[in-house]
Amino acid sequence: MSLLPILRFPDPRLKTLAAPVRNIDEGIIRLARDMAETMYEAPGIGLAATQVDVHRQVIVIDVSETRDRLLTLINPRIIESDGKQVCEEGCLSVPGIYEKVERAESVVVRYLDLAGQEETIRGDGLLAVCLQHEIEHLSGKVFVEHLSRLKQMRIRAKLDKQAKITA
Ligand code: K2U
Ligand code: ZN
């Protein structure tokens, strides 16, 4: 098992479109396992392969209080969405930034599990937010792009300042 380095916004690699997984081989299974380990260690409630600079459609999620309900979704697709909710979001690629984002209240997602079985999951509340947030990463979008241009400029300036201090 290994911890994977997480790309930091505004790294241009975060804008890469992830390719569908055609064959769930040892490499994909190892990637999913390392992503889960990285997510739990961060700690986070979700992680997309894009964030660890692997541009394949794989996400891991665990929104449980007990941190023992891992979901691994391959080639996830939102097939239904309903309602609206506003939730304060964070992102392991945008450390220290938490902003409100409007998203669908509930979603239905079709995906492949690690055994290659087609599954469907309905999520609402935080699970719905996390599913949308992670699936968006696979299309090269980071949650701050939902914010105003002014807010995005302020966030970039803050992260640049942080990077200079820690360099
Ligand atoms: O993509 C990521 O970096 C994962 C986010 C997941 C997230 C999605 C939607 C709303 C909040 C978080 C990280 O887990 S951010 C860290 C975190 C952990 C628990 C609760 C909120 C934020
Ligand atoms: Zn994120």
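Q: What spacing do the donors of the zinc ion (ligand 2) follow along the chain?
A: They go C-x41-H-x3-H. Donors here are N, O and S atoms within 2.8 Å of the metal (3.2 Å for Na, K and Ca), and water is not among the atoms, so sites may look incomplete. This is a predicted model, where local features need pLDDT of at least 70, side-chain atom pairs count only at pLDDT 80 or more, and totals for chains, interfaces and linings use all residues. Residues are numbered from 1 along each chain as its sequence is written, chains are lettered from A and ligands numbered from 1 in the order in which they are written, and side-chain values use heavy atoms, leaving out hydrogens and water.

Q: Which protein atoms hold the zinc ion (ligand 2)?
A: C91 (SG), H133 (NE2) and H137 (NE2), at 2.1 to 2.2 Å from the ion. C91 sits in the loop between β4 (85-89) and β5 (99-103) and H137 in helix α2 (residues 125-138), so the pair ties together parts 46 residues apart in sequence. Helices (H or I, at least four residues) and strands (E, at least two) are DSSP runs, numbered from the N terminus.

Q: Are C91 and H137 buried or exposed?
A: Both are buried, meaning under 20% relative accessible area; exposed is over 50% and partly exposed is in between (1.4 Å probe, protein chains only).

Q: Switching to R67, where is it found?
A: R67 is in the loop between β2 (58-61) and β3 (71-82). R67 is partly exposed, at 29% relative accessible area.

Q: What does the side chain of R67 reach?
A: The backbone oxygen of D62, at 2.9 Å.

How values were computed:
Polar contact = N/O pair within 3.5 Å; in protein donor to acceptor, adjacent residues only side chain to side chain.
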